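Good morning, and thank you for making time for this presentation. Please have the sequence and the model open while I speak.

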Protein chains: 2
Amino acid sequence: MNILRPAFILDPAKVKDNIRMMAVKAKESGIIFRPHFKTHQSRVIGRWFRNEGVARITVSSLTMARYFAEDGWDDITVAFPVNRPEVGLINELASQIRLGLVVEDLATLNELKLRLASPVDIYIKIDSGYHRTGLEPSDKEDIVSIRAAADDGRLTTFRGILTHAGNTYSVFGKAAVTEIAGKSMDAMLQVKSFLGEDQACLVSVGDTPSCSLMDKLTGMDEIRPGNFVFYDLMQMNIGSCTFHQVAGIVVCPVVAVHPGRHQAVIYGGAVHLSKDRISIEGKTIYGQMVEWYGTGWGEPEENSFIVSLSQEHGILEAPDRVLRRLSPGMLIGIIPVHSCLTANVLRGYRLISGETIDHLEGI
Amino acid sequence: MNILRPAFILDPAKVKDNIRMMAVKAKESGIIFRPHFKTHQSRVIGRWFRNEGVARITVSSLTMARYFAEDGWDDITVAFPVNRPEVGLINELASQIRLGLVVEDLATLNELKLRLASPVDIYIKIDSGYHRTGLEPSDKEDIVSIRAAADDGRLTTFRGILTHAGNTYSVFGKAAVTEIAGKSMDAMLQVKSFLGEDQACLVSVGDTPSCSLMDKLTGMDEIRPGNFVFYDLMQMNIGSCTFHQVAGIVVCPVVAVHPGRHQAVIYGGAVHLSKDRISIEGKTIYGQMVEWYGTGWGEPEENSFIVSLSQEHGILEAPDRVLRRLSPGMLIGIIPVHSCLTANVLRGYRLISGETIDHLEGI
């Protein structure tokens with residue numbers, strides 16, 4: 001494969017294994033698997049999910065919903081609070097597919113009801129501990145009002161409560177992730193209990209760390225993980241996956257080697273890797289090096305990290321034994337910190353076979 | 001103007017003022033103005049530079065050079081170390097335009113000489129204190145050898161020494177920036193002195209903080225600032241510009257307001273603003289709020305900052321007096337931390353008049 005500049009390279013066998021693993025887990029738990037497609041944003045990869053029996057998906061924007069609807073997906077939840085200026089696109093999509101929308105305030109729901117032209121499903125966003133969006137379980141009155149307003153609408157139907165326990169991203173290991181997931185589930189069940197257990201109220205949860213690390217997926221009706229399709233350095237760091245489950249790396253040309261500084265410079269900057277970062281032993285890290293073999297990649301190189309990014313430059317800090325092997329013109333791999341954002345900036349993938357596949361942003 | 005989702009909005013009068021200010025400064029100093037186009041990456045904005053008499057430009061990738069060459073720019077320096085895998089594109093461009101390349105190791109230059117099919121200009125990259133790329137002034141032997149090898153080539157001509165004093169980005173104010181710029185210039189003049197003052201050796205420098213804050217541009221032959229075309233919160237924080245010189249903001253819809261948390265949630269995440277950040281009073285900041293009037297924007301709102309970004313969500317933390325004015329569905333402006341990266345992820349601009357203009361990544 002001829003790689004001239006930074007490219008997101010996927011091992012399709014690993015991607016498919018990750019998809020199958022999560023699909024099987026959901027099936028065995030008897031719950032709906034509605035994967036989040038914001039990570040890959042690719043119709044080709046979407047079809048790999050379809051091959052595992054997936055029929056319902058999650059996206060994070062209406063634009064993304066339109067992109068996947070055009071590829072035949074007809075049951076899509078937009079797991080992002082309703083963006084009022086886009087009501088035109090909501091109507092366009094709702095006339096074509098089963099569209100799930102997320103609401104967290106009555107005024108937005110009422111405005112939506114006035115302007116809707118086709119039926120939609122309404123989910124109420126609950127803040128189960130992450131404190132980004134959603135109503136707190138103690139906001140009982142508001143939650144009950146929104147539900148009543150949704151049920152009362154000509155074109156709206158209340159379907160359930162939805163949360164994202166994104167606080168699992170800031171801890172390490174199975175015990176800590178499971179504890180957060182448990183608290184999140186308790187909050188959801190508390191809301192479900194006052195909404196009336198007898199009525200249809202689906203509980204939708206499921207970030208990648210929880211769905212990867214929990215043995216049993218009980219209490220919930222639906223999971224929506226996304227990042228597990230590729231995983232990345234952040235997930236390795238949380239303990240959600242092993243290195244061997246990481247399905248994609250960014251291959252970058254080396255452009256300079258500075259042994260005196262224990263650094264090399266790669267063509268691979270913020271516009272290729274994104275500026276997302278993690279802290280490892282107090283150091284800010286933007287990626288970890290692996291060897292690139294032309295048709296696959298090696299194990300993570302110890303202490304070989306991207307420590308700084310400008311627009312096009314990446315600074316790799318590595319031990320002498322690693323630096324000695326590098327020279328300008330050669331290609332190395334970088335395990336990205338956050339595969340979702342990296343895929344978004346790179347706007348397309350190549351498989352290890354050389355084939356190119358799509359990403360919404362590259363369309 | 002109908003804004004449905006996050007959009008980079010430019011005030012063209014401010015952009016043109018910024019361009020004119022820097023063009024005049026260079027002209028009055030009698031030096032070459034070779035602006036860096038990696039910030040805007042827009043043919044339309046490129047033409048605004050051309051209207052100010054600019055004929056020579058800088059870019060950060062060969063892909064960007066091709067994009068601007070196709071719009072008639074015929075004297076382009078790629079201020080990034082030669083990326084050997086792209087020698088095919090180097091040859092393609094060198095057959096069409098005057099192409100300047102940056103070299104920092106002899107092996108790469110020798111490889112290039114073997115594979116070149118058209119003439120190129122060679123600049124030696126010097127590390128004048130930033131420690132990202134380049135040879136240190138004390139690497140006299142290497143610098144002299146590279147220069148000799150460039151002069152000795154059938155298709156290569158040594159043109160000068162080039163540096164980027166990116167260390168100005170980590171200080172505040174005119175005195176500190178001027179001090180770094182002075183040290184950087186001393187390093188460059190030291191190199192020039194041993195390369196032989198009598199011979200043609202252009203000294204090319206000029207990051208945005210230095211070019212904005214220095215009264216006199218002496219000693220240098222050419223400046224290459226880029227970010228000044230828009231400026232941003234990072235430059236305001238360094239003191240390179242006033243708020244009134246900031247020529248672009250990101251307009252975002254509000255999707256939720258949480259008075260209890262002193263926060264609002266905007267549709268405007270890492271895929272719209274980039275994850276670049278600055279530290280203000282010990283806090284990590286991803287942008288600052290301004291009011292959006294539909295045809296322009298207000299002053300920066302005090303203590304109203306984006307404090308967290310996920311893929312599509314931005315969390316605005318603001319005083320109650322600001323939050324009280326916000327409601328889901330309304331539009332607010334965000335001064336981006338780093339306009340170059342924000343432009344890159346948003347892939348296009350709208351002018352305050354409503355007109356849409358191009359960005360390379362949106363092509």
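How much area do chain A and chain B bury between them? The answer is about 4600 Å², with 50% of it on carbon and sulfur atoms. Buried area here is the accessible area, taken with a 1.4 Å probe, that two parts lose on being put together, summed over both.

Before I go on, a word on conventions. This is a predicted model, in which local features need pLDDT of at least 70 and side-chain atom pairs count only at pLDDT 80 or more, while totals for chains, interfaces and linings use all residues. Residues are numbered from 1 along each chain as its sequence is written, chains are lettered from A and ligands numbered from 1 in the order in which they are written, and side-chain values use heavy atoms, with hydrogens and water left out.

I return to the interface. In chain A, 57 residues are in contact with 57 residues of chain B, contact meaning heavy atoms within 4.5 Å. Phe80(A), Arg132(A) and Gln311(A) supply 15% of the area that chain A buries against chain B, more than any other three residues.

Which charged pairs cross this interface? The count between chain A and chain B is eight salt bridges, a salt bridge being a side-chain nitrogen of Lys or Arg within 4 Å of a carboxyl oxygen of Asp or Glu. Lys275(A) and Asp276(B) form a salt bridge through their side chains, at 3.3 Å from N to O.

Let me turn to salt bridges in general. Over all chains, the whole structure has 44 of them. In chain A, the side chains of Arg43(A) and Glu70(A) meet at 2.9 Å, N to O. Arg43(A) belongs to helix H2 (residues 43-50) and Glu70(A) to the loop between helix H3 (62-69) and strand E4 (75-81), so this pair ties together parts that are 27 residues apart in sequence. Helices (H or I, at least four residues) and strands (E, at least two) are DSSP runs, numbered from the N terminus.

Arg159(A) forms a salt bridge with Asp121(A), and the closest N and O atoms are 2.8 Å apart. Because Arg159(A) lies in strand E7 (residues 156-162) and Asp121(A) in strand E6 (residues 120-125), the pair ties together parts that are 38 residues apart in sequence. Is Asp121(A) buried or exposed? Asp121(A) is buried, at a relative accessible area of 7%, whereas Arg159(A) is partly exposed at 31%. Buried means under 20% relative accessible area, exposed over 50%, and partly exposed in between, with a 1.4 Å probe and protein chains only.

In chain B, Lys174(B) and Asp215(B) form a salt bridge with their closest N and O atoms 2.9 Å apart. Lys174(B) sits in helix H7 (residues 173-195) and Asp215(B) in the loop between helix H8 (208-213) and strand E9 (222-223), so parts 41 residues apart in sequence are tied together. Lys174(B) is partly exposed at 39%, and Asp215(B) is exposed at 61%.

I close with helix H3 (residues 62-69) of chain B. Six of its eight residues are buried, among them Leu62(B), Met64(B) and Phe68(B). The buried residues of H3(B) pack against helix H2 (43-50), strand E3 (57-59), strand E4 (75-81) and helix H4 (87-94) of chain B.
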